[in-house]
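Let's take a walk through this one together, piece by piece. Have the sequence and the 3D view open as you read.

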Amino acid sequence: MTHSFFLFSIEKLILASIVFGITLVVAMYSTLAERKFAAFFQDRLGPDRAGPFGMFQPLADGLKFFFKEEFIPAKADKFLFILGPSIAMVMSCMSGAVIPWGDRLTLFGHSVSLQIADINIGVLYIFAVVSLGVYGVILGGWASNNKFALLSAIRASSQMISYELAMGLSLIALVMTTGTLSLGSIVHQQVGFHWNVFFQPIGFLVFMICSFAETNRTPFDLPECETELVGGYHTEYSSMKLGFYLFAEYINMFVASAVMATLYFGGYQIPGISHLGLSPNLVTLLGSGFLFVKIFGFIFLFMWVRWTVPRFRYDQLMRLGWNVLLPISMINLIVTGAILVLR
Amino acid sequence: MKPLTNRSKTVSNKTMTLMERLYLPAIVKGMAITLRHFFKKKVTIRYPEETRPFSPIYRGLHVLKRDDTGAERCTACGLCAIACPAEAITMDAAERKPGEERLYREEKYASTYEINMLRCIFCGLCEEACPKEAIFLTDRILPSGTTRKSFIWGKDRLVETESNRIDISKRHFYYKDEK
């Protein structure tokens, strides 16, 4: 008993470290990709000085963050000021735990699931963690004792509430069709081309728009809109605390892309791979690779939208959330329920 | 009233159609435009490695020429300083000592010759005024500096070295044609 528990812990620990490492590396290079893509969309070249194609730019950026002065405003709440970015960072890293990064891998006669924790309420877990992430923004903005940061924190929280409703309702429709809250089984159901996006296109659209809002990405990046709020909730932040906030945004983007790929685009399932007769381990690895291709596709979409669509006005944002997305997701929910009952 | 240009658009307050209010088609259209730009040829010039093509009469950093034997051409006549509209040029004249014939072309030479690059407007009047074909503006770019003093260029930086002649043939040719 203890022996198998020990092995189990080691296995999960290694898996968790790998996922954590990959998340950080992807987020790190997302910052470079963002700058590169921004440049490409604007007919420029982007950073290309640090290493070939600017490959070392994220390292240089990180190093710069560490060498900047660590500044805490005199009237700031010191504990919450430090807690804010920590929560933002930890919460964004946590959601990777339930995402199935691949099927089972057989190593040394031992079957390893490439999902850290296949808990039966995976969807709820992701929701909970993502909603907690907003506390980082709120606490940071409030603790700064700066009116711009506070306004930004208020914006972030109201935006989060408005869009989480529509997001949750679109997910309920998905859960109704799949009949499970476990991400592992949701992926298992999407063998071949039975991707959920074909059964829930409206739900996916609403979910995608809401994930843009949840990750504070353009066109919903009102909490950090420079023209009105200086720097938004991280106006008073410097050094690596600022780095954590910026980094958390990219991790959120990565996780949101992974969730979308998992829930709606079949996760690690490659359509038709079972007919090729490859070894199970190879299929698993290819599947994980395919999942990452989908994730990078979504990350590209995030950036593509950012450099195309201008920011919403605040009333437009609220109207879109409450008057458009919420009714649409409700209708989607009712229609899905009706079809399920009548079938 | 006749419009001044054909670029003006008539503005109307008509309500948007359903397709316009959907907003998504417009986003897709915009994204198609940005994607086109994604694959377009980039306009960036990677400066130190690549340089923009300059016109043959580009007026950049000055050079004080030496003649074919390696003697300085400038005789400190002061015409360039008088011609200079920005009053960027100052010089002191000195008499050539016996034995310095290899260094200076004529009996009088500039012991100091300074151009304040922060005053200079790179108009090129100094080279037009020069009767000895001693000063030229080249296609080099003035390097940046961190102090005001570093922008006052003396003879140490202005006079070309014998080993590293600055090519002004394009400009020289252009002026000869004119004269």
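Where is B:Gly154 found in chain B? Bear in mind that you're looking at a predicted model. B:Gly154 sits in the loop that links E5 to helix H5 (155-158) of chain B. It counts as exposed, because 11 other C-beta atoms lie within 10 Å of its own and the cut-off for exposed is 12 or fewer. Leaving aside residues up to four places away in sequence, B:Gly154 touches B:Thr112, B:Tyr113 and B:Glu114. B:Lys29, on the other hand, is 125 residues from B:Gly154 in sequence and 59 Å from it in space, C-alpha to C-alpha.

Chain B has an open sheet of three strands, ordered E2-E3-E5, with antiparallel pairing. Strand E2 (89-95) and strand E5 (152-153) stand at the edges with a single partner strand each, so one side of each has no neighbour in the sheet. E2(B) is joined by seven bridges to strand E3 (residues 108-116) of chain B, and the two run antiparallel. If you'd like one pair to look for, B:Glu95 has B:Lys108 in E3(B) as its bridge partner.

Now hop across to the other chain. The contact between the two takes 10 residues from chain A and 10 residues from chain B. Sorted by class, the chain A side that touches chain B has six nonpolar, two polar and two charged residues.

Within chain A, start with helix H11 (residues 280-306). Quite a list of residues in H11(A) is buried, including A:Val283, A:Gly287, A:Phe290, A:Ile295, A:Phe302 and A:Arg306. What do the buried residues of H11(A) pack against? Their partners in chain A are helix H1 (2-41), strand E1 (104-107), helix H8 (201-214) and helix H10 (239-264).

H1(A) is worth a stop of its own. A:Phe20 has its place in this helix, and it counts as partly exposed because it has 15 C-beta neighbours inside 10 Å. A:Phe20 and A:Arg343 are 323 residues apart in sequence, with 43 Å between their C-alpha atoms. H1(A) also meets helix H2 (residues 57-67) of chain A: their axes come within 9 Å and cross at roughly 105°. That angle makes H1(A) roughly perpendicular to H2(A). On the H1(A) side you'll find A:Met28, A:Tyr29, A:Thr31 and A:Leu32, which meet A:Gln57, A:Pro58 and A:Asp61 in H2(A). By class, this contact has four nonpolar, two polar and one charged residues.

Finally, look at helix H4 (residues 122-143) and helix H5 (residues 147-178) of chain A, which pack at an angle of about 170° with their axes 8 Å apart. How do these two helices run, roughly parallel or roughly antiparallel? The angle makes H4(A) roughly antiparallel to H5(A). Among the residues in H4(A) that take part are A:Val123, A:Phe127, A:Ser131 and A:Trp142, while those in H5(A) include A:Ala149, A:Ala153, A:Met160, A:Glu164 and A:Val175. The class count for this contact is 13 nonpolar, five polar and one charged residues.

Terms used:
Residues numbered from 1 in each chain as written. Chains lettered and ligands numbered in written order. Predicted model: local features only at pLDDT ≥ 70, side-chain atom pairs only at ≥ 80, totals over all residues. Buried ≥ 20, exposed ≤ 12 C-beta atoms within 10 Å, placed from the backbone. Helix = DSSP H or I, 4+ residues; strand = E, 2+ residues; numbered from the N terminus. Contact = placed C-beta atoms within 7 Å. Axes fitted to C-alpha atoms, helices over the stretch in contact; angles between N-to-C directions. Parallel < 35°, antiparallel > 145°, perpendicular 65-115°, else oblique. Nonpolar A, V, L, I, M, F, W, Y, C, P; charged D, E, K, R; others polar. Pairing = 2+ DSSP bridges.
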